[in-house]
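User: Here is a structure to go through. Please take its pockets and aromatic contacts in turn.

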Amino acid sequence: MPVYVAAYDHPPYFSDVLNTDLTRELINLLNKYQDSYDFRIQVIPPTGRYKALSAKGCCDVIFFESPLWGWKKSGVGFQKTIPLVRGNERLVAYKKDGRDQSFFDSFDGKTLGGVKGYHYLLSGELLASDAIKKKYTTYLADSRIINLQMVIGGRIDLTIINDELLSALQGSSQIKVSNLLLSEKVSLEYKLHLLVGENKNISADTLQRLLRELGRQGEFEILFKRFNMNRFQIYRPAITR
């Protein structure tokens with residue numbers, strides 16, 4: 001039975017810019033270890049994720065997603081698996097002489113980079129990207145990779161990046177993390193699950209069972225280590241050999 005996985009740019013969980021990502025690799029594992037379900041990626045924009053999992057939507061499930069990100073207000077029914085990842089976000093800027101942590105104290109006179117359809121915690125408020133654009137001088141791109149490139153290129157002053165991406169990019173020639181000044185303050189903490197729409201081709205219980213089977217085979221440890229993300233991993237099942 002086909003199971004369509006909604007995927008939008010959210011590196012390192014999904015990205016058309018990076019060579020691979022956790023969603024694609026997890027789909028490969030799920031398809032390798034069972035044959036009852038055929039998991040397939042359906043690329044969507046971030047703003048389309050609620051519609052994708054709605055009753056008439058194109059998809060059955062979305063991987064590595066937080067219910068905090070507008071799901072409860074969306075009106076779309078969903079179930080969630082156990083949390084797999086504990087992640088967080090922080091402000092980043094270009095590192096240069098004379099710039100220190102005080103640079104993050106105010107957005108006055110600065111351009112903030114964001115991604116269309118994302119949610120951010122700023123000044124104690126969790127806001128959708130459209131609301132942030134009304135409140136701050138903001139450039140909304142289609143990708144966090146683009147945000148980072150624009151910060152390094154001096155086209156924007158600040159952006160908000162998840163620590164998981166920064167960790168996955170360590171040693172990468174594509175984005176040099178050493179060129180970035182990272183805020184010492186975490187903006188937002190969250191847990192990521194797999195979310196399943198109601199009355200879809202797979203249930204959250206079934207998906208969770210498949211995850212546990214992969215976990216017992218040690219595949220989760222290998223997957224997260226590959227992306228340098230072991231410290232963010234919550235789900236650590238007993239491995240059987």
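User: Which residues line the second largest pocket?

Analyst: This is a predicted model, in which local features need pLDDT of at least 70 and side-chain atom pairs count only at pLDDT 80 or more, while totals for chains, interfaces and linings use all residues. Residues are numbered from 1 along each chain as its sequence is written, and side-chain values use heavy atoms, with hydrogens and water left out. A pocket is an open set of points on a 1 Å grid over the protein atoms alone, where a 1.4 Å probe fits, with protein on both sides within 12 Å along at least five of seven lines; lining residues have an atom within 4 Å of a point. For the second largest pocket they are P12, L18, N19, T20, A168, L169, S172, Q174, R226 and F227.

User: How is the pair W71 and F78 arranged?

Analyst: Rings of Phe, Tyr and Trp (its six-membered ring) pair if their centres lie within 6.5 Å, with planes under 30 degrees apart called stacked, over 60 edge-to-face and the rest tilted. The centres of W71 and F78 are 5.7 Å apart and the planes are at 65°, so this pair is edge-to-face.

User: Is W71 buried or exposed?

Analyst: Buried means under 20% relative accessible area, exposed over 50%, and partly exposed in between (1.4 Å probe, protein chains only). W71 has 1% relative accessibility, so W71 counts as buried.

User: Which residue's charged end sits over the ring of F103, 4.0 Å from its centre?

Analyst: The test asks for NZ of Lys or CZ of Arg within 6 Å of the ring centre and within 35 degrees of the ring normal. K110 lies over the face of F103 at 4.0 Å from the ring centre. The other charged end over this ring, also at 4.0 Å from its centre, belongs to R99.
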